[in-house]
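Dear colleague,

I am handing over the structure that we spoke about, and my notes on its pockets, its cavity and its salt bridges follow below.

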Amino acid sequence: MQKQGRREQVLLERTVIYTSAVAMDEQALLGLNPNADASFRQRALAYFEELKISQDAWQGCAEALAKGLYSDDHVKFFCFQVLEHQIKFKYSELTAGQQQLVRETLMTWLQAQLISVQPEKTFIRNKAAQVFALVFITEYLTKWPKFFFDILSVAGLNPRGVDLYLRILMAIDAEVVDRDIVHSSEETRRNTLIKDTMREQCIPNLVESWYQILQTYQHSNSELTCQCLEVVGAFVSWIDLNLIANERFVNMLLSHMSVEVLREEACDCLLEIINKGMDPVDKTKLVESLCQVLQTAGFFNIEQEEDVDFLARFSKLVNGMGQSLVISWTKLVKLGDMKNAQETLQAIQAKVPLMLQLLVHEDDDISLNIIGFCYDYLHVLKQLTVLTDQQKTNVEAIMLAVMKKLTYDDEYNFENEGEDEAMFVEYRKQLKLLLDRIAQVSPELLLEAVCRVFNATVQNWQSLPFMEVEVAIRLLYMLGEALPTTHGAHFSGDVTKATVLQEMMRLLVNSGVSEYRHTSVILEFFETVVRYDKYFIVEPQHIPNVLMAFLDHRGLRHTSPKVRSRTSYLFSRFVKSLHKFMNAYIEDILNRLQDLLELSPPENGLPALLTRDDQLFIFEAAGVLIVNSEYPAERKQALMRNLLAPLMDNFKILLNKLLGEQDEERQATLADCLNHAVGFASRTSKAFSNKQTVRQCGCSEVYLDCLRTFLPALSCHLQKEVLRSGIRTFLHRMIICLEEEVLPFIPTASEHMLKDCEAKDLQEFIPLINQITAKFKTQVSPFLQQIFMPLVQAIFEMLSRPAEENDQTAAMDKQMLRRSYFVFLQTVAGSGMNEVIGNQGVENIERILFTIIQGAVDFPDPIAQKTCFIILSKLVELWGGKDGLVGFADFTYKHIVPACFMAPLKPTFDLSDAQTVLALSECAVTLKTIHLKRGPECIQYLQQEYLPSLQVAPEIIQEFCQALQQPDSKIFKNYLKVFFQRAKV
């Protein structure tokens, strides 16, 4: 490093010559100011684009920077941006002289920074550092090997020079080393070469410069010192560790650990040193020597430390040391080096007291940062055959710490959860992982400890604060996931475990803790009874008590909307799981639910207890109770009618109101309410199954009445999209539940849904027709023949509508509609109903066939192309034989065979794309099917006419036809891929 006095003589001595520098557009530059109006800002953006394209405009920016022509920060930043673009994308186009000009510009600018009155703003310095880094990665290996020496010769120990030098190093780290940035293989090779060259040529000098900077500024400039420590931490992962992990460097870092403004950065720097990959024995020695020094210096006495920000970093450092030792132990065990493995295990054990102190610290960030080491330590213990008494004590200590740290604090805001609350929820998830790991190490210990805490707390819940009661129940809940079991069977098998869990559940449901007024406790109660639903199979006598808790002020009628909402979902799960044991209470439950099932019309103005989404769960639960009850079919029908009749009555009233409503906002509210009514009816139908069908339960007529009530809404011209969406979903459900009984309703419903529809309506209507086609097949053939062309014409009309060139939404809607259309044809053809297409008249059939060919060849959409080839295969199978559709054989040779070649030969047909390969596979099936149906005639056509017309070499034609004739279709599929790969080279 040169002395500062010597250097000031040479500052700015070099004169840079700017040939043909372009004058800057001063008016455009005004738009760079954040306060400039929109037109000026627009002009500035256009000017930037103009300069990026221009061959030599960058020279004006270079001159402005080197000569300091502008004082405006935004203009300076702009000039660096132009230069950055030039270096990033056009540097190779510059002459050697112009490249030299870039280097000299940067060095002149750097020199100027040392003597300017005011330092540049941080954002300009960062941008300058990025530009330096870009030039470095481009030129270091070829034209500027002395890059660092040149920078250092200018910067010296001048604080501004040092600041820029360190920023440049961090920018180089981002370009060359940072693993979070994805690099191409070529960039990775280049970066490796740069690092290798730096190790050979300059790293010792850089390390020396860092030491000098730290020594110079550690007491006078904390900002520069911290910057330098960050650089050391960044570079240490790939340079020779001995350059840093030596007495003089480590002593300096340790001294920084005692300086308030440096200690956090020093901690991070030490962590990077610890994290460096190395031999396991050496790593253990490094960690142990560092620990010894830190312990001697008093850093392990954390109870005396009040600075929580530092302790959070220190906790991360201890975590890194612990995890490094665990990695070393694992490697040594794998290598069979048991002596060193034992020593490393002892080193791990020695860190446990400190780890526990940090884990149980009242600050959650400090605790969170050590969890990784705790988790890994438990993993080590899991692998040991026998645990020592000390190790067992450690497991118990970790467990007690977790239990303590799971507890909410007084400041947690349950009604308005913000960022702090979200962070605590995440922290709790990490603690749960520790509990799971403890269960793997010692399940008996965990079960015993939770039982002890749970019993002591729940027996005295009236006199304890909510956080203690909540965490006790939470621990019981967590046991369910932590303790190993098959399909949640906690109450069978292991007698000890089953007995303990049963006793805790019995205490939970009989203790009256569900009366605790705090929302967190009642929610945890309901979560836990549902988590352990199988307990109630063993002791069903407790079900009524829990049902009452769900149905009264503790659950669905709680004062908190959050509790009511979550309870709705949990109640539904509870009922679905245990309905067999609820037969005696069904009507009582339904009566108590009645007011919660009301469809709240928008005009009553009263806030409903449950949201519409919550009501869905309650309707489903009610349906499950009715359908699975032991009542005869007539009683089930009566109960289902009682459940759905109020919905139907309200629906009719609200639909009439909607038809007469003028106000758009009111229309939307009414339509939303109608949609929910249909949704509620749909949800009740989820209760039916193959064992309990609608017909067996005597409920067909109730749902047919629902159809008669809901379908007239399809002719309503207001709020069509909302109403159609709900009724479409209901029809999907009824096709499954009512089977043939739904068929009379389909033609009218379809007719209405095809009127005045948009692309999205059609796209969502087609799956309904597909469902009917696939389920009822020939039963719906007359209906399909009738609706086929109106539906197809509606699709064609929609696809032919002009759209804005850049309207991505419209383009996507069309693509999805086109796919839906082809899936529809696939469903019809695949259901064996060739008459549906075959009876549409020659002109229509031809038009449809050409759309399939077009879909297979012209649209670069491999999903649609695959479907089109599946359709073509099916049509060839149906009509391609000797007695097939008249003229189809001719169509096969003129259009289907060429499509099988034209599609894969398209530039957009990307054979490296998985979806495209699937399309090619179906293309192969199509050709195989043609050969199967037409036999030697197909081979003759390919050999003598079609393939020669493509100028395919005779030996390749022979090869192709042989592959096509192979009985194993897989051989031909593989061949076809190779065939087109060769053809596209």
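A pocket here is an open set of grid points, placed over the protein atoms alone, with protein on both sides within 12 Å along at least five of seven lines. Please bear in mind that this is a predicted model. By that definition the largest pocket has a volume of about 670 Å³, and of the 19 residues that line this pocket, Glu362, Asp363, Asp364, Asp409 and Phe424 are the closest to its centre. Helix H21 contributes the largest share of the lining, 6 residues, while helices H18, H20 and H21 each supply at least two.

Turning to salt bridges, the whole structure has 51. In one of them, the side chains of Arg506 and Glu539 meet at 2.6 Å, N to O, and this pair links distant parts of the chain, 33 residues apart. Arg506 is partly exposed, with a relative accessible area of 32%, whereas Glu539 is buried at 7%.

Glu527 forms another salt bridge, with Arg566, where the closest N and O atoms are 2.5 Å apart; because Glu527 lies in helix H25 and Arg566 in helix H28, the pair ties together parts that are 39 residues apart in sequence. Finally, Asp73, Lys76, Glu120 and Lys121 are linked in a network of salt bridges.

With best wishes

Methods
Residues numbered from 1 in each chain as written. Predicted model: local features only at pLDDT ≥ 70, side-chain atom pairs only at ≥ 80, totals over all residues. Heavy atoms only, no water. 1 Å grid on protein atoms, 1.4 Å probe; cavity = no way out; pocket = protein on both sides within 12 Å on 5 of 7 lines; lining within 4 Å. Points joined across faces, edges and corners; volume = space filled by probe spheres on them. Helix = DSSP H or I, 4+ residues; strand = E, 2+ residues; numbered from the N terminus. Salt bridge = Lys/Arg side-chain N within 4 Å of Asp/Glu carboxyl O. Buried < 20%, exposed > 50% of the residue type's maximum accessible area, 1.4 Å probe, protein only.
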